[in-house]
Each structure stands twice: as C-alpha cells, then as structure tokens.
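Here are some friendly notes to read alongside the model. Take the points one at a time, with the structure open beside you.

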Amino acid sequence: MNTTAKLGGLGAVIALLLAEVPEQYAFYVALFIIACGAVTAMVPPPHAGSKWAVAYQLMTTIGLNIGWAENHFKPGQSGVRVPLADKPAAKQAVASAGIPVLNKKGRPEQATNGNA
C-alpha cells in the first residue's frame with residue numbers, strides 16, 4: 001500500500017473521530033494533538049526497555065508524526081547522519097562492523113549489492 005493511500009485513510013479516520021467531538025471541546029482536542037506533536041519533537045525518545053517507550057510512541061501517533069513528519073529518532077534506535085553522497089559507504093561500514101542496518105520499519109535491511 002502506498003503512502004498516499006495510507007495518509008488518505010488516516011486523514012479520513014481523523015476527520016470522522018473529530019466529527020464525534022462536541023464542538024465546545026474541539027479546541028482542546030486540537031490543542032492536545034498539537035501539544036503531543038510539540039513534546040515528541042522536543043523530547044528525545046526513551047531507550048527501548050523504558051517504561052516510557054510505549055507512551056512516547058503513543059504520543060507521536062496522537063501528534064500525527066507520520067510519513068514525512070515522522071521522528072527520525074525512535075526508542076532503541078540511533079540515527080547516524082552522513083552526507084547523502086556517503087550513504088552507501090556509511091551503510092557498508094556499519095554492516096561490515098557487524099551492526100545491522102535497519103529499514104524504516106526498524107527491521108534489518110536485506111543486502112542490496114552495495115546499493116543504498
């Protein structure tokens with residue numbers, strides 16, 4: 001399923017849920033969503049074994065940190081930032097050190113014959 005379809009479906013679900021909120025509370029619901037997004041943008045993720053990991057992931061979902069807005073740092077993972085031109089060499093260096101390179105879903109990538 002492509003990202004556009006996922007976001008369209010998610011947008012429809014959010015619109016349906018917000019339609020069920022009484023009008024006098026809509027401002028507070030919107031403020032809560034914005035606050036969750038702001039907190040997850042400012043607070044670093046907890047380590048994977050932390051009791052806060054699930055709460056942090058729930059806050060990122062409520063704050064609509066999905067798709068291109070998704071946080072690059074997640075509980076239990078790190079992000080090594082390198083210039084785009086050096087990405088293949090960086091992935092190869094990490095893999096040759098015996099460290100799995102994770103895909104967007106947090107699972108080890110399959111070998112791609114040196115292509116990034």
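1. Let us start with a packing contact: the buried residues of α2 pack against α3 (53-62). Contact here means heavy atoms within 4.5 Å, and buried means under 20% relative accessible area, exposed over 50%, and partly exposed in between (1.4 Å probe, protein chains only). Helices (H or I, at least four residues) are DSSP runs, numbered from the N terminus.

2. Please keep in mind that this is a predicted model, where local features need pLDDT of at least 70, side-chain atom pairs count only at pLDDT 80 or more, and totals for chains, interfaces and linings use all residues. Residues are numbered from 1 along each chain as its sequence is written, and side-chain values use heavy atoms, with hydrogens and water left out.

3. Which residues of α2 are buried? They are I33, C36, G37 and T40. These residues lie on the same side of α2, because they cover an arc of only 95° around the axis (the arc of the directions from the helix axis to the C-beta atoms). On the other side of α2, F27, Y28, I34 and M42 are exposed.

4. The loop between α2 and α3 holds P44. With a relative accessibility of 63%, P44 counts as exposed. P44 and Y56 are twelve residues apart in sequence, and their C-alpha atoms are 9.4 Å apart in space.

5. How confident is the predictor? The protein chain has an average pLDDT (confidence in each residue, from 0 to 100) of 76, and 72% of the residues score at least 70. Confidence is highest in helix α2 (residues 26-42), at a mean of 86, and lowest in helix α1 (residues 3-19), at 70.

Technical notes
pLDDT = per-residue confidence, 0-100. Helix = DSSP H or I, 4+ residues; strand = E, 2+ residues; numbered from the N terminus.
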